[in-house]
Amino acid sequence: MEHTHHTNPDNQLDPEALEKVWKFEILAVRKWRIESIFGKEAADLYHAMPSERDFFVHSGRLPHPDHPKWFEDQSEARRFGEHNRGFWDYCKKRYPEKWHAYEQRMEQNRARYEAMPGAKAERTRLMELESFMEALKLKWANLPAHEGQQGRTATATNGKGQAQEQGTGGTTQEDARTAKTQGR
């Protein structure tokens, strides 16, 4: 398969080094994971698509189906993903007892984690962080983009160089610790 739009025109990538990364990193990790769940026999059955290896060696990356920078790769990424998911589905059917044992181990690990001291506080902290990040994404999504300018623009201020307050209650959508230190 010809990968004209994935090639390395400036010869910045070493194909021999990428071949080693493919074999000893990507493929080895995939087979290790399969073996850890389904056994050596299943791992020996796994073979990645040759065109996926070719794609990686020519471009230095694996295609991602949802990355907006590389929309041209979506069909290949989906095809490679379907191949790999198909293999996992095959293993789940061929080795159902091993898949069931894996699911049980994962459930036991989750239960052990939940019983650990600090797990509830960590879950709360992560939920707060997620909320903060969502608010930040909304805040930045609503700022106008102006070519050639960085940071806050005049349209994102109240005209006097002061940032406009967003949200309700006269506070911005920022970390509560920041609002407290600013006397809000």
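In this predicted model, R30, R33, I34, I37 and F38 of helix 1 meet N84, F87, W88, C91 and K92 of helix 4, where contact means heavy atoms within 4.5 Å. The residues of this contact divide into 6 nonpolar, 1 polar and 3 charged, with Ala, Val, Leu, Ile, Met, Phe, Trp, Tyr, Cys and Pro counted as nonpolar, Asp, Glu, Lys and Arg as charged, and the others, Gly among them, as polar. Residues are numbered from 1 along each chain as its sequence is written. Local features need pLDDT of at least 70, and side-chain atom pairs count only at pLDDT 80 or more.

Helix 1 (residues 15-38) and helix 4 (residues 74-94) pack at an angle of about 15°, their axes lying 11 Å apart; helices here are DSSP runs (H or I, at least four residues), and axes are lines fitted to C-alpha atoms over the stretch in contact, with angles running from 0 to 180 degrees between N-to-C directions. This makes helix 1 roughly parallel to helix 4, a description used for angles under 35 degrees.

A search of the whole structure finds 8 aromatic pairs, rings of Phe, Tyr and Trp (its six-membered ring) being paired if their centres lie within 6.5 Å, and planes under 30 degrees apart counting as stacked, over 60 as edge-to-face and the rest as tilted.

Terms used: Side-chain values use heavy atoms; hydrogens and water are left out. Helices (H or I, at least four residues) and strands (E, at least two) are DSSP runs, numbered from the N terminus. Angles under 35 degrees count as roughly parallel, over 145 as roughly antiparallel, 65 to 115 as roughly perpendicular and the rest as oblique.
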